[in-house]
Every structure is written in structure tokens, then in C-alpha cells.
Amino acid sequence: MRQYIKQVIKALAFVWVLWFVCLGTAFAGELKDGSQRVFDYAGVFEKEEAARLEEKTAQFRQEMKVEAVVLTVEDANGQSPQYTADQFYFDQGFSESFHENGIVVLIDMDNRELYLGTYGSMIRILTDERIQDILDNMYDAASQGAYGDAAMAGLDGAQYYFKKGIVSNQYNYDVETGEISVHRSIRWYEALFALLVSTAAAAGVCLGVVRQYGMKEDPGVNSRLAYRADCRFQFQNPTDQLLHTAVSHIVIPRQPPRGGGRGFGGGSSGRSSTHSYGGHRAGGGGRKF
């Protein structure tokens, strides 16, 4: 009897442990896939500020289909802000949403640096110059200790430039390899011009054919055109002689456009500096405060 009771107790204990494990797994999944996108590990946000930031990040996901993460750290463990932002974004699984499109607004209290990480399509939208503009507003708030306002300035700036879209001369510049990836886009006026040119060319060809092979008013002429016009044509054996050839060799140097700028990564108007993290492509820029 006692042995039976012990077995029942062990079975119940196993069921309880299994239930807690399942509950914990579900809760962890809810945190990962749920609404939390503000992680204030440095404890610099007021409760109301954190709530407003959460609402703003939710707006990114719902309206823009872009991930937005706000992160503060007190101890960076010797890592750079760039590495901290990239590691958190990819290793925590935020890159799995929206084809990696997203940003990380980082306030690094250890390195005393503001950093804006960009991923996916946001790399092309937030060029180096635009990032520096956003960091200007973040710096004004962070230098006065208003870290909640600084994080909100980062989100507001990213949203503003998202609505403006990709600049016409945008290109990605890999700071590790020097490779350049130019963004190709067709403006509405370019498409309209191409349509008009192609239509005019097609119409010209059609009119030429109609004029050349159009039937005459005289039936006799029509008959001769239809059945006898090509009777005088004779094939011949033409010979082609190559008289002269000339070959020119021109070396086209490939180098990134030169542009001045301030802060992380330089900054011409269309340049987005990129780097790699774990096989992924990432961009961003930072500013000390």
C-alpha cells in the first residue's frame, strides 16, 4: 500500500513539474512574440516613459511592418554599442519578424554612447546622414538626462524618414570589404517617359509598314503589287571584306564616392555604411554623450 502511495505521489509530482515547464515555455514565447520591445536594463526610464515607448514600438509593427526595439544597458561587458545592438536584435529573435526589417535604439550608459542600429530595409532608408540627424535630437535630450525623450526622439526620427522613403542616390557601402550596392528605383516621370518613347517608336514602325505595303486605289495596281511586285527580286552572293579593326581598353576604377561627414561611418547624403554580424547585414551609427 505504501509503495502504491509513493508511486501515485511521484506521478503527481511529475505532472506538476511538466505543467510548470509547459507554462514557463508558453510564457517565454509570449514575451518573445508579444508586445514587449522596451528593455530598460539601466533603469533610466520612468514607468510612464516606458509605456509610451512601448506604444510607439507597437505602432512601428502595426503600421510600418518594422521592428523597433529600445534597449538601455548599464554594463556593456566590454562590448561596443554596435555589437550590443546587433547581438540583442539577432540573438533575441527580433530579426525573424518582417524579413529582418527593423531598428534598435540603444542608450549605452557604460560607454556613454547613443546608438541607432538599422537592419533590413531600414539600412537603405536610414542613411548615415539621416542617422546623424536623428542622433542630434537624441543627444540634446540625453545630455540633459532626459533618456526617455532621447529614446522617443530616435523612434520619431526613424518614423519620419520611413515616411519620406529611400533617397534617390542611396547606396550601401560595406566598411569591411569596400563593396558598394546601389539602390535601383524608377521614378514615375521616368516610367512615363519610357512609355511615351516606346509608344512613339512602335507607332512609327506601324505607320511605316502601312505606308509601304498599303493597297492602292487602282485594282490593277493592287493585283500587280500582290502577285508580281517581288518577281524582279534576284538573290546574289554578297561578299564581306574586313577592312579595319580597332580595340580600345579603358580602366574604370571602382571606388566609393567621397563624402565628408561627422560621427560614425562618415556621411554623404545617400551612403549607408554596413557591416556583418553572424551572416546578417547591419547598419547604424552612434554618438557619445
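Mentor: Helices and strands here are DSSP runs, H or I of at least four residues for helices and E of at least two for strands, numbered from the N terminus. On that basis, lysine 65 sits in the loop between H2 and S2. The model is predicted, so local features need pLDDT of at least 70 and side-chain atom pairs pLDDT 80 or more, while totals for chains, interfaces and linings use all residues. Residues are numbered from 1 along each chain as its sequence is written, and side-chain values use heavy atoms, leaving out hydrogens and water.

Trainee: What makes lysine 65 "partly exposed"?
Mentor: Buried means under 20% relative accessible area, exposed means over 50%, and partly exposed is in between (1.4 Å probe, protein chains only). Lysine 65 has 47%, so it counts as partly exposed.

Trainee: Why is threonine 127 called buried?
Mentor: Because its relative accessibility is 0%, threonine 127 counts as buried. Threonine 127 lies in the loop between helix H4 (122–125) and helix H5 (128–142). Leaving aside neighbours within four places in sequence, threonine 127 is in contact (heavy atoms within 4.5 Å) with Val167, Gln170, Ser269, Gly270, Arg271 and Ser272.

Trainee: What makes a group of residues a nonpolar core?
Mentor: Take buried Ala, Val, Leu, Ile, Met, Phe, Trp, Tyr and Cys residues joined through side-chain atoms within 4.5 Å. The largest such core has 33 residues, and Ile103, Ile107 and Leu126 touch the most other members. H6 gives the largest share of this core, 8 residues. Apart from it lies another core, of 15 residues, including Phe39 and Tyr115.

Trainee: How do you know which strands stand at the edges of the sheet?
Mentor: Strands pair if DSSP finds at least two bridges between them. The open sheet has 8 strands in the order S1-S2-S3-S4-S8-S7-S5-S6, with mixed pairing. Strand S1 (38–40) and strand S6 (180–182) each have a single partner strand, so one side of each has no neighbour in the sheet.

Trainee: Why are H2 and H6 called roughly parallel?
Mentor: Axes are lines fitted to C-alpha atoms, for helices over the stretch in contact, and angles run from 0 to 180 degrees between N-to-C directions. Under 35 degrees counts as roughly parallel, over 145 as roughly antiparallel, 65 to 115 as roughly perpendicular, and the rest as oblique. The axes of H2 and H6 come within 10 Å and cross at roughly 15°, which makes H2 roughly parallel to H6. Residues making the contact include Leu53 and Phe60 of H2 and Leu155 and Phe162 of H6.
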